[in-house]
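Open your viewer and let's take a short walk together. At each stop, you will select something and see what is there.

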Amino acid sequence: MIIRTLHAGDAGDKALMEAFFNQMGFEARAFFNHGDWNRRFMESYMDGTGGEQSVHWIADDGDKVAGYVFLDQAATGVPWLGIAVAEYAKGRHLGRQLIATCQDWCKAHGRGGIMLITHQANVRAQMLYSACGFTRLGNHSSGEVLFYWRVPMPMPRA
Ligand SMILES: CC(C)(COP(=O)(O)OP(=O)(O)OC[C@H]1O[C@@H](n2cnc3c(N)ncnc32)[C@H](O)[C@@H]1OP(=O)(O)O)[C@@H](O)C(=O)NCCC(=O)NCCS
């Protein structure tokens, strides 16, 4: 399995992503793809009709996608993160690897940090974000929980 960027305009990648969304269970449909919002976001990125300011990665498992993560508003100082792991691949630290990919990208591209919101009941995701160094800031105006990760500052020279 390799983590790589999703190729906009690539019909093979789009088919892999449609299958990924189709395999989602209750948790992912409720917490990640409510109202098919993130499927439409992915499709607009793949079709070149939106999402220009976003970067998308997949965990490519050959004939299927094991996990998906994106940074939206990636041109800003603090992009927004979305993540989902395939049902068969959950609980094996793939979520951590996908988030580390986003954190490395932010460090390499001079970003200040990453924001995200998640449902109050999404305890599994909240555990993951805390394990990845995110701080729970409180409630977002949407009613979801707001998390923030700040790119570590270099230590000042003595
Ligand atoms: C949330 C999600 C991305 C986690 O991915 P994952 O690959 O299963 O997570 P990991 O295996 O990397 O686990 C990382 C940490 O999450 C927590 N975690 C994982 N599985 C858990 C579970 N069943 N219950 C509680 N916490 C859990 C643990 O803290 C774990 O670290 P540890 O095993 O060292 O203790 C995945 O469950 C998912 O796709 N959920 C549905 C979509 C979703 O909710 N997306 C987020 C929307 S905001």
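**Stop 1: around the ligand**

α5 gives the most residues to the shell around the ligand: six. Helices such as this one (H or I, at least four residues) and strands (E, at least two) are DSSP runs, numbered from the N terminus. Before going on, note that this is a predicted model, where local features need pLDDT of at least 70, side-chain atom pairs count only at pLDDT 80 or more, and totals for chains, interfaces and linings use all residues. Residues are numbered from 1 along each chain as its sequence is written.

Now select Phe 31, Gly 95, Thr 118, Met 127 and Leu 128, the closest of the 22 residues that surround the ligand (a residue is near a molecule if its C-beta atom, placed from the backbone, lies within 6 Å of it). Color α2 (26-31), β4 (80-85), α4 (94-108) and α5 (123-131), the elements that give two or more residues to this shell.

**Stop 2: two helices**

Next, select α1 (residues 11-22) and α3 (residues 37-47). How do they run relative to each other? Their axes, lines fitted to C-alpha atoms over the stretch in contact, with angles from 0 to 180 degrees between N-to-C directions, come within 11 Å and cross at roughly 180°. The two helices are therefore roughly antiparallel (an angle over 145 degrees).

Show Asp 13, Lys 14, Met 17 and Phe 21 of α1; they meet Arg 39, Met 42 and Met 46 of α3.

**Stop 3: one cysteine**

Finally, click Cys 102. Beyond its neighbours within four places in sequence, Cys 102 is in contact (C-beta atoms, placed from the backbone, within 7 Å) with Val 69, Leu 71, Leu 81 and Ile 114.

Notes: Contact = placed C-beta atoms within 7 Å. Parallel < 35°, antiparallel > 145°, perpendicular 65-115°, else oblique.
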